[in-house]
Amino acid sequence: MYAPVTKLSTLLTLAAFSFALVGCDDVKPQEAAGAVKSSRFLKKANKFVRKPARRNSKLGAPLTLKPSEKVVFTGKMPPFSAYDRGGGQRDPKPGDSGADAPSDAPEPTEPQPPPPRKEDGPVAGMTSAHNQVRAQVGVAPMQWDDNLAGVAQQWADSLATDNSCQIAHSQQISPPKGENLYWHSGQGSAAQALEAWAAEADNYTYATNSCDGICGHYTQIVWAETRYLGCGYQNCAGGGTIVVCNYFPAGNYVGEKPY
């Protein structure tokens with residue numbers, strides 16, 4: 001007598017459960033900062049699972065250069081000077097002690113290049129990881145440069161200590177270099193930085209050479225004329241991680257396609 005009612009109730013329950021699953025299909029995990037798309041790296045098995053929020057991460061604005069700043073690569077790496085941290089000498093103002101110093105005062109010395117950095121420790125494997133992304137669009141691989149990495153390491157050290165772990169692009173001394181930045185609030189890794197930069201491929205349209213959001217970190221990675229890279233990594237005293245990668249010749253020239 002009650003069998004039809006029981007069967008109908010069961011069917012309604014199953015239908016409601018199926019509808020709930022379909023409704024969850026558009027829930028995608030995101031970085032807490034909202035800056036990095038991660039859908040391409042998720043497994044289909046986790047499609048309906050709401051993941052807990054990850055720690056914050058930031059990429060900063062991509063570095064772009066004017067066509068007039070372009071350096072023609074001659075096949076030989078130039079010497080890389082240290083970054084100007086903004087602490088250099090300035091012309092004294094009236095009233096400053098030393099404003100009336102004799103004109104034969106010694107000139108300030110040029111900053112010394114930072115020590116070279118090998119592709120080891122936290123940045124091991126970054127060349128291969130970059131080249132895997134480049135291979136997806138048919139761009140020739142890059143090579144690691146110890147001197148370029150030394151400059152990146154110096155800037156990572158500076159951001160972690162002198163800048164309270166806040167990411168900012170360096171004030172570069174010629175020749176110009178490309179620069180990608182990454183900050184993580186926890187114990188981030190260089191591999192996570194590369195993954196976040198590469199995920200910007202979803203925002204880039206090659207046909208129109210345009211970005212729907214941020215894509216400049218990705219376009220620097222796949223910039224065809226870039227031949228060398230070097231990366232640095234540093235932990236911040238109050239927690240957090242900084243990753244800096246430099247590229248030469250630089251990419252992201254306004255109005256040009258990456259490849």
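Which cysteine does a disulfide join to Cys231? The partner is Cys245, with the two sulfur atoms 2.0 Å apart; a disulfide here is a pair of cysteine sulfur atoms within 2.5 Å. Before we follow that bond, a word about what you are looking at. This is a predicted model, in which local features need pLDDT of at least 70 and side-chain atom pairs count only at pLDDT 80 or more, while totals for chains, interfaces and linings use all residues. Residues are numbered from 1 along each chain as its sequence is written, and side-chain values use heavy atoms, with hydrogens and water left out.

Let us begin with the overall plan. The protein has five helices and seven strands. Helices (H or I, at least four residues) and strands (E, at least two) are DSSP runs, numbered from the N terminus. Along the sequence they follow the pattern α-β-α-β-α-β-α-β-β-α-β-β. Of the 259 residues, 36% count as buried; buried means under 20% relative accessible area, exposed means over 50%, and partly exposed lies in between (1.4 Å probe, protein chains only). A contact means heavy atoms within 4.5 Å. Among contacts with a separation of 6 or more, 74% are between residues 24 or more positions apart.

Now find strands E6 and E7. They pair in the antiparallel sense over eight bridges, where two strands pair if DSSP finds at least two bridges between them. E6 and E7 form a hairpin with five residues between them, and in the turn Gly239 has a positive phi of about 100 degrees. E6 also has a partner in strand E2 (residues 143–144): two bridges join them, and these strands run parallel. There, Gln143 has Tyr228 as its bridge partner in E6. E6 is mostly covered, as six of its eight residues are buried.

This brings us back to the opening bond.

How many disulfides does the structure hold? There are three. Another joins Cys165 to Cys236, with an S to S distance of 1.8 Å. This pair links distant parts of the chain: Cys165 is in the loop between helix H3 (146–161) and strand E3 (178–184), Cys236 is in the loop between E6 and E7, and they are 71 residues apart. Its S-S torsion is about 65 degrees, so this disulfide is right-handed. Cys165 is buried at 7% relative accessibility, and Cys236 is buried at 9%. The remaining pair is Cys211 and Cys215, whose sulfur atoms are 1.6 Å apart. Is Cys211 buried or partly exposed? At 43% relative accessibility, Cys211 counts as partly exposed, whereas Cys215, at 1%, counts as buried. With bonded cysteines counted along the chain, the disulfides follow the pattern 1-5, 2-3, 4-6.

Next, look inside. In soluble globular proteins, nonpolar side chains tend to be buried together. A nonpolar core is a set of buried Ala, Val, Leu, Ile, Met, Phe, Trp, Tyr and Cys residues joined through side-chain atoms within 4.5 Å. The largest one here has 26 residues, of which Met126 and Trp197 touch the most other members. Two or more residues each come from helix H2 (126–135), helix H4 (190–198), helix H5 (216–221), strand E6 (228–235) and strand E7 (241–248). H4 gives the most, with six residues. Leaving out residues up to four places away in sequence, Trp197 touches residues including Met126, Ile221, Val243 and Cys245. Apart from this core lies another of eleven residues, among them Ala152, Cys165, Leu181 and Ile242.

Finally, visit Thr241 in strand E7. Thr241 counts as buried because its relative accessible area is 0%. Its side chain reaches the backbone oxygen of Gly186 at 2.9 Å. Not counting residues up to four places away in sequence, Thr241 touches Gly186 and Cys236, among others.

Technical notes
A polar contact is a pair of N or O atoms within 3.5 Å; within protein, one must be able to donate a hydrogen and the other to accept it, and residues adjacent in sequence count only if both atoms are side-chain atoms.
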